[in-house]
Amino acid sequence: MEHTIARSRSLFSVTKSGALIAGALLLASCSSEPPKSLVTPAGVKQPLAGHPQQNTEMRGVWLTTVSRLDWPPIASVNASSSAQRISQQQQALRLKLDNLKSLGINTVFFQVKPDGTALWASKILPWSDMMTGKIGEYPGYDPLQFMLDEAHKRGIKVHAWFNPYRVSLNTRPSTVNELNRTLSLDPASVFVLHRDWIRTASDRFVLDPGIPEARDWITSIVAEVVANYPVDGVQFDDYFYAESPGSALNDGQTFKKYGQGFSSKADWRRHNTQQLIEQVSRAIKQLKPGVEFGVSPAGVWRNRSQDAAGSDTRGAAAYDEAFADTRRWVQQGLLDYIAPQVYWPFSRKAARYDVLAKWWADVVKPTHTRLYIGVALYKVGEPSKNEPDWTVSGGVPELKKQLDLNESLPGVSGTILFRENYLNQPQTQDAVSYLRSRWGS
């Protein structure tokens, strides 16, 4: 326990929020027993402790900052002055929020940690190069605070969306140089401060999820945001163990060091992911019980061919691919909500939309966890041999069927669209008009 206290102290200056965070981290990492299951008898719906029952349907959108996919505007980084850059970025975000409000969107999932950098004033992570083009350069304002002010002004909630383990988007020599240059900064990148935590996977630099100190570090980052900003929620996406066939995560030594007592590396990896979710869940509830915690995993937990409790699907499964036992987290009450990415149409036999939506609704039914379904706005209007439904009448009939099902299933509490900039693309305009007529004020 003492080394945890020392680690917490080293991460924060001695402020009120620093003390709060240190306390939350201690609670998160020193408790070995998982929280008692919040599962209630089938059919009984109760609000979570500190959460009134949510009556409003979730109508959300993911707003991505990685590679500046949704925001900030790519052109703003090359503005002739910092004042012009700031003005362009802030005006673009205001316009996006105005558009979202007109569409009836009530929650934005804002990517605040796209990699090993931050879009808030962090004492742990350097400023994100997404804002200025340079890691560690102060963007001239606090993007998260600006988003919170502008969204809340419009009655829109904001969930801070984190990619927990990603450190960089590639492993190019130029990226290595850029990360190494942060050594003179305060804070510097984790890449130079904790080189022993860094691995490569999917041709990116990532943290090794099997290292307990790395999980503590991620927990401290989430705690910093929750303690210092009025966020409505926190979300992790599906990048836990992210590997590709040609670029696997080499965690053999970590397994040798920490994997005693596990019959397989897969079980140990799932245990590591479980530990992170438990720690973060505890830390958030210790700091601010009203802040929601959720995960947006791959749509398939497990296929029925692998597990009798799985869905009648044939898709990549979070349990086996990302080593994330997402169903268990729901059953144990570790999450306020789960937002599976069900990115297929009704006609996709290998992973039918209705099959998965109903499967997840059954999973959450006896629990306190709300279910929001992630919908593939990015596929709407895009020609696809395997999924032609997305182009029929501009994708409107497929989108309508999905939203109708979400509203008709008692276990589904809302929909989240992936992702914001697709609302502005020519191929989605019929669908956007439909959304405005259905959801808009």
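1. Let's start at a loop: Arg419 sits in the loop that runs between strand E10 (412-417) and helix H15, helices (H or I, at least four residues) and strands (E, at least two) being DSSP runs numbered from the N terminus. A cis peptide bond, with omega about 0 degrees, links Phe418 to Arg419. Please keep in mind that this is a predicted model, in which local features need pLDDT of at least 70, side-chain atom pairs count only at pLDDT 80 or more, and totals for chains, interfaces and linings use all residues. Residues are numbered from 1 along each chain as its sequence is written, and side-chain values use heavy atoms, with hydrogens and water left out.

2. There is also a cis peptide bond between Asp186 and Pro187, where omega is about 5 degrees. Pro187 belongs to the loop between helix H6 (173-180) and helix H7 (190-193).

3. Now to backbone phi. Most residues other than glycine have a negative phi, and most peptide bonds are trans. Asp203, not a glycine, has a positive phi of about 60 degrees; Asp203 is in the loop between strand E4 (198-201) and strand E5 (204-207). Ser393 is not a glycine either, and its phi is positive at about 50 degrees. You will find Ser393 in the loop between strand E9 (370-375) and helix H14 (396-408). Ser393 counts as exposed because its relative accessibility is 52% (buried means under 20% relative accessible area, exposed over 50%, partly exposed in between, with a 1.4 Å probe and protein chains only).

4. Back to H15, this time with a partner. Helix H3 (residues 82-103) packs against helix H15 (residues 429-439) at an angle of about 60 degrees, and their axes are 8 Å apart (axes are lines fitted to C-alpha atoms, for helices over the stretch in contact, and angles run from 0 to 180 degrees between N-to-C directions). H3 is therefore oblique to H15 (under 35 degrees is roughly parallel, over 145 roughly antiparallel, 65 to 115 roughly perpendicular, and the rest oblique).

5. Which residues in H3 meet H15? They are Asn99, Ser102 and Leu103, and they meet Val432, Leu435, Arg436 and Trp439 in H15, contact meaning heavy atoms within 4.5 Å. The residues of this contact comprise four nonpolar, two polar and one charged (Ala, Val, Leu, Ile, Met, Phe, Trp, Tyr, Cys and Pro count as nonpolar, Asp, Glu, Lys and Arg as charged, and the others, Gly among them, as polar).
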